[in-house]
Amino acid sequence: MDATAAGGNTLTDGQGPLDGLVVVEAGSMIAAGQVGRLLADFGATVVKIERPGTGDHLRRFGPQKEGTGLWWKYLGRNKHSVTLDLSADAGRAVFEDLVGEADVLVENFRPGTLEKWGLAPDGLLERNPDLVALRISGFGQTGPYAERPGFGTLAESMSGFAHLNGFPDRPPLLPPTGLADGVAAMFSTFSIMFALWHREMHDGGGQVIDTSLIEPIFSLLGPQPLRYQQRDEIEKRSGNRSTSSAPRNVYRTRDERYVAISASTQPTAMRIFDAIDRPDLKDDPRFETNERRLANVDELDTIIQDWMAEHSREEVLATFDETGATVAPVFNVADIADDEHYRAREALVEVEDEDLGTGLVQNAIPKFSETPGTVDHLGPELGAHNDAVYGDFLDYEESFREELAEKEVI
């Protein structure tokens, strides 16, 4: 459907490969917000529904700048914010009008919430048979845990990720950011595109997509189930080491900085031995094959760390570059913002914002040769696009919009 379908006035500026795709995003916090952000970066018209008066919890979540939530500025970018109370009868009617004109619905309420409001996807599909309805929840729409509240932390724990993450002599380690939400959002975004392809190329109509937070991150953990089934093994935490190849670790340099190296192939390991000026290790029985390096990894790491401790990070990087050995500095965000490669790739973009002045955010990725994504604006004010969406897009009369506002429906 085109963004001009109802009111004759487009909400987009005609940029990006998804220009004309209309998405209604309902829910709050990170997972659904990431899906909307990814689609909006590439031109989709994303109508972000927020509760009147309070808005998305992201507006108050995490770091703030003078009362402005930075998570919201990042995930709310490129979206159209409208206020709507879905618990009110009039609000549900407006929601049905919106979804009736949309291509995609993205929601992350607890399972059963839409049904409680009389907005079950089956009913929405009756009104709009072409609708692709994405449902994200902690544990999915079915199963014994379906109705439990779910956050990324719980998914990172129950998926097996935390069990594998960290050091052998320490407790399981959770990630410092919304990893499970982000992984689920990426799976959900390409799932939407799969469904749209099916709809457009095979006249398949719309459908419902059920994404949990636990299954996508579990799917990234490699052959864990195969290893358990075939070898009766449960992989343990290995810190920065790998259970598949050696050397692989993070090492501290003379100037108290860190670099990471990885030898996933035999030639790579041999070049690392050249880089640390120990070509003799190539013929050392302890290290001549990957299997033996893994068996003697403590000794190998000690040798490499001793060499690292005698050289600055810049010396390490230069030496490894000369020999073609794999190495990377451990960057923080300040390093990234100053790095020549990130700048050359335009991986960060500075966007004008009425609250922040300018905001530095990750650019739209991946890069498209003909239809690149863009960051037009950061997260807008609550209800900033009520008139554009309800007036121009849904063609509601001004008097009706005023009535909805007086009743605090919008």
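Me: Which residue in β5 does Lys48 stand opposite?

Reply: First, this is a predicted model: local features need pLDDT of at least 70, side-chain atom pairs count only at pLDDT 80 or more, and totals for chains, interfaces and linings use all residues. Residues are numbered from 1 along each chain as its sequence is written, and side-chain values use heavy atoms, with hydrogens and water left out. Strand β2 covers residues 45-50 and runs parallel to β5, with 4 bridges joining them. In β5, the residue opposite Lys48 is Ser81.

Me: How many helices and strands does the chain have?

Reply: Helices (H or I, at least four residues) and strands (E, at least two) are DSSP runs, numbered from the N terminus. On that basis the chain has 18 helices and 13 strands.

Me: Is α1 parallel or oblique to α8?

Reply: Two packed helices are described by the angle between their axes and the distance between the axes. Helix α1 (residues 30-41) and helix α8 (residues 179-202) pack at about 45°, with their axes 8 Å apart. Under 35 degrees counts as roughly parallel, over 145 as roughly antiparallel, 65 to 115 as roughly perpendicular and the rest as oblique. That makes α1, relative to α8, oblique.

Me: Which residues of α8 meet α1?

Reply: Contact means heavy atoms within 4.5 Å. From α1 come Ile30, Ala31, Gln34, Val35, Leu38 and Leu39. They meet Asp181, Ala185, Met186, Ser188, Thr189, Ile192 and Met193.

Me: Is Gly359 buried or exposed?

Reply: Gly359 lies in strand β13 (residues 357-362). Buried means under 20% relative accessible area, exposed over 50%, partly exposed in between (1.4 Å probe, protein chains only). At 5% relative accessibility, Gly359 counts as buried.

Me: Which residue stands opposite Gly359?

Reply: Strand β12 (residues 348-353) pairs with β13 in the antiparallel sense over 6 bridges. The two strands form a hairpin with 3 residues between them. Leaving out residues up to four places away in sequence, Gly359 touches Val349, Glu350, Val351 and Leu378. The one opposite Gly359 is Val351.

Me: Which residues is Ser312 in contact with, leaving aside its neighbours within four places in sequence?

Reply: Ser312 lies in the loop between α13 (297-308) and α14 (313-323). At 12% relative accessibility, Ser312 counts as buried. Its contacts beyond those neighbours are Thr253, Arg254 and Asp255.

Me: What share of the residues in the chain is buried?

Reply: The C-alpha trace spans about 85 × 50 × 40 Å along its principal axes. The chain has 410 residues, and the buried share is 46%.

Definitions and conventions. Axes are lines fitted to C-alpha atoms, for helices over the stretch in contact, and angles run from 0 to 180 degrees between N-to-C directions. Two strands pair if DSSP finds at least two bridges between them.
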